[in-house]
Amino acid sequence: MHTLKRKTTALLLVVAMLFSLLPAFPQTAEASEPTEHQYVTLDYESGGLVDDKIINVNVYIDDASTPVQTISVGDANMADNRITVTVVDPNYEIAGQNGVSYVFDSGATFGDIKLSSDLKEYSGLWNAGIGKSITIDVHLRTPKGTPETPNGIYDGVLTVEFRAYTPEILKILYSQGVDVNGNTKINNVTMNFRAEVPAYGLDEPISTLPPNLSLDYRYASLSNASQKAVPGNVDSLTIDYDDGQSITVPGGELKFVLDKEDAINYYSIEAASAYDNIHIVTFYNETNGQAANHYDRYDVRFVEHGQAIGAENMPADPTYGAGSQYVFINWASGSFNTASQFVDGKVFLGTSVVNSDLNVYAQKLSSSKDGGTEIHVMNTDNQLLERLVEKYNEANDSNITVGDIDKDTLKVRVTDTDGLQTNEAYYENKWKDDYGYYYVSNL
């Protein structure tokens, strides 16, 4: 009897030992209480020697305080338990790297955390130790999309730059409904990544020396060895501006344009292509008595492609203070060469058609008295010449047309109310803008 009992006991111990050696099996948990809709699933390991640990998962939509789904299991393994939460509802994704939080009992650890770049899967390795449970809160949101990449992506393993040029930052703010003007100040720009890459503030380099302020940009240089420094892994862009204002722009409302400068691959961060038909015109002026092409941003305007700003919407003419020798004459688009000389200048008016983003610069003349002045005698749609023909025919009982006029032989003299006149023979007086207006220099 005792022998049988000992044999039975031994047999039971062998069975127990064999059971303890069986591998842990992954488990997929169901909701602790049936719900009408399943947002996520929970996968974990169970069936080990100690498998009485508790995992709780609470699922929230956006910033709601009441969960839409809860999952609770009490048969999780104690050690090396890979916990995975997977979003199964196609209408939602995990709300970025800050979309998941957790709390566990003392003595436990939770590490090797991974978030997929499509924000559909979150996992971590839990060792409960002497602890009993872990609670994971998951916040979901509607998908925000990823940036457009019209020029493709850099798929090498070297460093790649992310650049945000100042005019483009202003345009992104405008695309988000911000009232952008000449005084809008950009304080910080931060890229928020989806997976494994921490948020990166875009550093502002030493400012480009005037007059090329439009070339200023903020940037971050990141290694792409892990293939994570790509636009598809950018969740959003946070812009801090003015006095404590901030806005976060979803990745789906941005465009990352790949380019290369010397040996540097870089992305230019811009507003999404939905705003390609909107152009920013940035006005620059030499303020506070500055000269030698030392320009600062004066104002900005946004205009639809193929349209003009309109005279009534142009910035107020700059003034240079009482006693200044300078007088504003006009705005001009153009650029600066390596010697900081203004080249390719073209007068920019309220009637000028805008077909691209533009930088325009205040032009001024100096005078010991009233200052030089540039006068534009407009010929929009040939109205000036048609009026000239009309007056000539009335005075001479003739019937000439605009086509009969040799425009290049015309001279224009301007007379003010005091009888003072410009010099029609001055060598700089001439037609400009394809006969759009006649330039008269008042010197």
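Colleague: Let's start with Tyr 102. Is that one buried, exposed or partly exposed?
Modeller: Tyr 102 counts as partly exposed, because its relative accessibility is 33%. Bear in mind that this is a predicted model.

Colleague: OK, and what about Phe 110, buried or exposed?
Modeller: Phe 110 is buried, with a relative accessible area of 9%. The cut-off for buried is under 20%.

Colleague: Switching to aromatics in general, how many aromatic pairs are there?
Modeller: The count comes to 18. Tyr 102 and Phe 110 make an edge-to-face pair, because their planes are at 70°, and edge-to-face begins over 60 degrees. Their ring centres are 4.8 Å apart.

Colleague: Which residues form an aromatic cluster?
Modeller: Phe 283, Tyr 298, Phe 328, Trp 331 and Phe 348 form one together.

Colleague: And which residue lies over the face of Tyr 266?
Modeller: That's Arg 163, at 3.9 Å from the ring centre. Likewise, Lys 432 lies over the face of Tyr 439, at 4.0 Å from the ring centre.

Colleague: How many bridges join strand 15 to strand 16?
Modeller: Six, with the two strands running antiparallel. Across from Thr 238 you'll find Thr 248 in strand 16.

Conventions
Residues are numbered from 1 along each chain as its sequence is written. This is a predicted model: local features need pLDDT of at least 70, side-chain atom pairs count only at pLDDT 80 or more; totals for chains, interfaces and linings use all residues. Side-chain values use heavy atoms; hydrogens and water are left out. Two strands pair if DSSP finds at least two bridges between them. Helices (H or I, at least four residues) and strands (E, at least two) are DSSP runs, numbered from the N terminus. Rings of Phe, Tyr and Trp (its six-membered ring) pair if their centres lie within 6.5 Å; planes under 30 degrees apart count as stacked, over 60 as edge-to-face and the rest as tilted. Buried means under 20% relative accessible area, exposed over 50%, partly exposed in between (1.4 Å probe, protein chains only). A charge sits over a ring if NZ of Lys or CZ of Arg is within 6 Å of the ring centre and within 35 degrees of the ring normal.
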